[in-house]
Amino acid sequence: MSRRRDNYENSRWRRFKRWLEGEIDPLTEGGVGLSKAPSSTAASLEGTDRGREPEEDVALSPGDLEKDVALSPREPEKDVALSPGGTEPDTLPALREPGGRGLRLYRKFYQIMSIFLCLGIICVLLWTIAYLPAFGNAGNPDNNEVSARYIEKGLEETGAVNMVTGMILDYRAFDTFGESCVLFIASCCVLVLLRIDDDGGSGDAEKRKREANDRVFEPKNDIILQKCACVLVPVIMVFGIYIILNGHLSPGGGFSGGAVLGSGLILYLNAFGFQKTEQMFNGRTYRRITVSALTFYCLAKSYSFFTGANHMESGIPLGTPGDILSSGLILPLNICVGLVVACTMYAFYTLFRKGGI
Amino acid sequence: MKLFECVLLLGLIVCAVSVGFTRDLLTSIIIFMSYSLIMCVIWVLLQSPDLAITEAAVGAGVTSILFFVTLKKIKAIRKEEQDEPEEG
């Protein structure tokens, strides 16, 4: 291990080249190869070797001792490296050995920098908030003719008492359609990632067995949970349906109601297990409901989408504002969105649990 | 009412900070759930009940459940001892 100790040896490029050739690991930054470290005998040998080395260095370069120390910060590390390497051979020497001082330094640097970054972002955001116009100010830029039109003519044109629903399912129905499609695509992606195929190789068989095991013992027939679910699930379901059906009359709508419905389904599934829920809801039901809801939405609004998402007469009477059967297409569209959201929530859960719907 | 809002906002900040500083993943998920619940009450105070419903269902309900399932899948939640013989 006697090396030439000149400037080139200590230079960054030489070390980079040695790292490229696999001689050193930059994390155990002392010129110690990773391959030598793990075994204890090698470590002890190395220890003696390394113990001798500083003396050699001193002997070799007595003249420019200060220069050597200044140039190479290696010697102190090696001295520290001896003590744990000799006494306690570890399986992870790269992490334990103080050769990883660079690593520890990096970690400290990382922590400090992350705190500084966080503080910096907080400062920038607070600074930005200081320049925002006051809440509810009449002169704010969002008080333009669009919102004025929505507020003044919304009830008349859409027939929905809940102005938000009138906006998102009539004026901005195209956006809502995109959101529903995004949900559907997201559930498809989860399906691609997490699904366990029936016709797989040998590795899959074992995996499926484990999943089946998980599936059998997962609902532990907990009597408390089952009794609670008996009381809660109907209430949750009815509440979700109420939110969806009253989307154009009261706060809520397809997304909120669908999320509530999905949560109710998940609770039922947790309490009573997959076998019972699969009787009423399986993959085929999921596909049918989602695809038909999205198709209906698309077809019902396609005339509007085709003309650039302009508002056009649908021919359906708007009815009396405030009735359940009013406001034209908003109610069926709400039901569609709610079904898609509920199915997606439930599908996420079952895919995470057992890799299939 | 102002005081109540201040308390809620303070709780929000405490929850958000403590999620990052918790070692245990399970604890941090539960803190995340409580964050969503506080946020839900704040939405109601800000007079947007539809967002409150969504926040309660998605933030506190479905997301946390998905987190729990993931933790169970990656074996980050230790099983209780009495369940072991059942498994084998």
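One term before we start: two residues are in contact if their C-beta atoms, placed from the backbone, lie within 7 Å. This is a predicted model, where local features need pLDDT of at least 70, side-chain atom pairs count only at pLDDT 80 or more, and totals for chains, interfaces and linings use all residues. Residues are numbered from 1 along each chain as its sequence is written, with chains lettered from A and ligands numbered from 1 in the order in which they are written.

**Stop 1: chain A.** You'll find 16 helices and zero strands (both are DSSP runs numbered from the N terminus: H or I of at least four residues for helices, E of at least two for strands).

**Stop 2: where the chains meet.** Now show both chains. Here 18 residues of chain A are in contact with 14 residues of chain B. On the chain A side, α13 (254-272) and α16 (330-354) each give two or more residues, and α13(A) has the largest share, with seven. By class, that side has twelve nonpolar, five polar and one charged residues. (Ala, Val, Leu, Ile, Met, Phe, Trp, Tyr, Cys and Pro count as nonpolar, Asp, Glu, Lys and Arg as charged, and the others, Gly among them, as polar.)

**Stop 3: the core.** Which residues have the most contacts inside the largest nonpolar core? Select A:M345 and A:Y346. This core has 50 residues; such a core is a set of buried Ala, Val, Leu, Ile, Met, Phe, Trp, Tyr and Cys residues joined through C-beta atoms within 7 Å, and buried means that 20 or more other C-beta atoms lie within 10 Å of a residue's own. α16(A) gives the most, 17 residues. Stay on A:Y346: leaving aside neighbours within four places in sequence, its contacts are A:G262, A:L265, A:I266 and A:F281.

**Stop 4: a helix pair in chain B.** Select residues 25-45 (α2) and 49-73 (α3) of chain B; these helices pack at an angle of about 175°, with their axes 8 Å apart. So α2(B) is roughly antiparallel to α3(B) (the word covers angles over 145 degrees). Among the residues making the contact are B:F32 and B:W43 of α2(B), and B:F67 and B:F68 of α3(B).

**Stop 5: confidence.** Finally, color chain B by pLDDT, the predictor's confidence in each residue, from 0 to 100. Over residues 81-88 of chain B the pLDDT is below 50.

Key:
Axes fitted to C-alpha atoms, helices over the stretch in contact; angles between N-to-C directions. Parallel < 35°, antiparallel > 145°, perpendicular 65-115°, else oblique. Buried ≥ 20, exposed ≤ 12 C-beta atoms within 10 Å, placed from the backbone.
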